[in-house]
Amino acid sequence: NASIQDNPSIHSLSIPTIPYLCPMPIHVNTTQAKATLRTMARRLSQEQISRATARAINHTIAKGKTAGDQGITSRYNMPSKGLKQRLPLVKASQRKLSGKVDASTKPIPLLAFRGTKQNSKGVSVAVVKGERKTIKSAFIQTTRKGRKGVFARGQHTSNGFEFRHKRINPTGPDMPIEELYSVSTFSAGEFNEVQGRIASVVHNSYTSRLIHEMQRIANGSTT
């Protein structure tokens with residue numbers, strides 16, 4: 001998850017570097033803008049400052065989401081439309097001055113990646129752009145419930161998917177057969193290029209947007 005929080009002295013964005021472990025903070029240097037911020041703050045109540053801050057955070061995380069989307073799709077054959085659904089925004093409010101892009105940790109089905117297709121040896125996939133490979137013995141199939149995906153005989157374990165190359169039952173259904181998945185949106189966003197894009201958006205957008213929102217409120221805007 002990428003999140004941005006406000007405190008009285010500094011504004012920071014946290015971006016994960018290792019799943020489920022500690023995030024890497026990216027700090028926005030507001031030194032040059034402090035004089036402007038102090039001047040604007042004198043014209044506003046605490047409630048108005050909180051409103052401006054929440055708006056600035058929400059504007060920034062929305063741009064961060066777009067930057068993250070672009071960074072991930074530049075590396076992975078992931079359609080942008082499906083990716084946006086896996087990057088929901090948790091917006092800030094006047095009472096809670098924090099917001100985040102909540103990247104899903106759910107693995108993405110192989111069929112969701114562009115160019116996935118059946119061939120004579122199995123299923124050809126290119127999760128990472130320019131890195132195509134064939135998963136032998138896999139096949140594309142639509143289930144009775146209407147779900148289409150890439151499947152293989154075997155099962156998911158703590159060590160990954162364990163393929164089964166021999167039948168268990170001599171006749172009839174040969175189970176188990178399970179769908180194959182790849183990276184999650186969360187893990188796809190860990191690469192330096194993606195984190196760099198998001199950090200750049202925060203550095204270039206947040207402080208100026210906060211000043212902009214404070215000026216709007218000071219000038220009488222209520223929207």
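**Chatting through a predicted model**

Trainee: Hi! Where is threonine 185?
Mentor: Threonine 185 sits in helix α4; helices (H or I, at least four residues) and strands (E, at least two) are DSSP runs, numbered from the N terminus. This is a predicted model, where local features need pLDDT of at least 70, side-chain atom pairs count only at pLDDT 80 or more, and totals for chains, interfaces and linings use all residues. Residues are numbered from 1 along each chain as its sequence is written, and side-chain values use heavy atoms, with hydrogens and water left out.

Trainee: Is threonine 185 buried or exposed?
Mentor: Threonine 185 counts as buried because its relative accessibility is 1%. Buried means under 20% relative accessible area, exposed over 50%, partly exposed in between (1.4 Å probe, protein chains only).

Trainee: And which residues is threonine 185 in contact with?
Mentor: Leaving aside neighbours within four places in sequence, they include Ile72, Leu83, Arg86 and Ile108. Contact means heavy atoms within 4.5 Å.

Trainee: New topic: how many residues has the largest nonpolar core?
Mentor: It has 40 residues, and Met78 and Leu180 have the most contacts inside it. A nonpolar core is a set of buried Ala, Val, Leu, Ile, Met, Phe, Trp, Tyr and Cys residues joined through side-chain atoms within 4.5 Å.

Trainee: Which element gives the most to this core?
Mentor: That's α5, with eight residues.

Trainee: What about sheets, in which order do the three strands come?
Mentor: The open sheet runs β7-β8-β9, with antiparallel pairing. Two strands pair if DSSP finds at least two bridges between them; β8 and β9 have four.

Trainee: What stands opposite glycine 122?
Mentor: Lysine 136, in β9.
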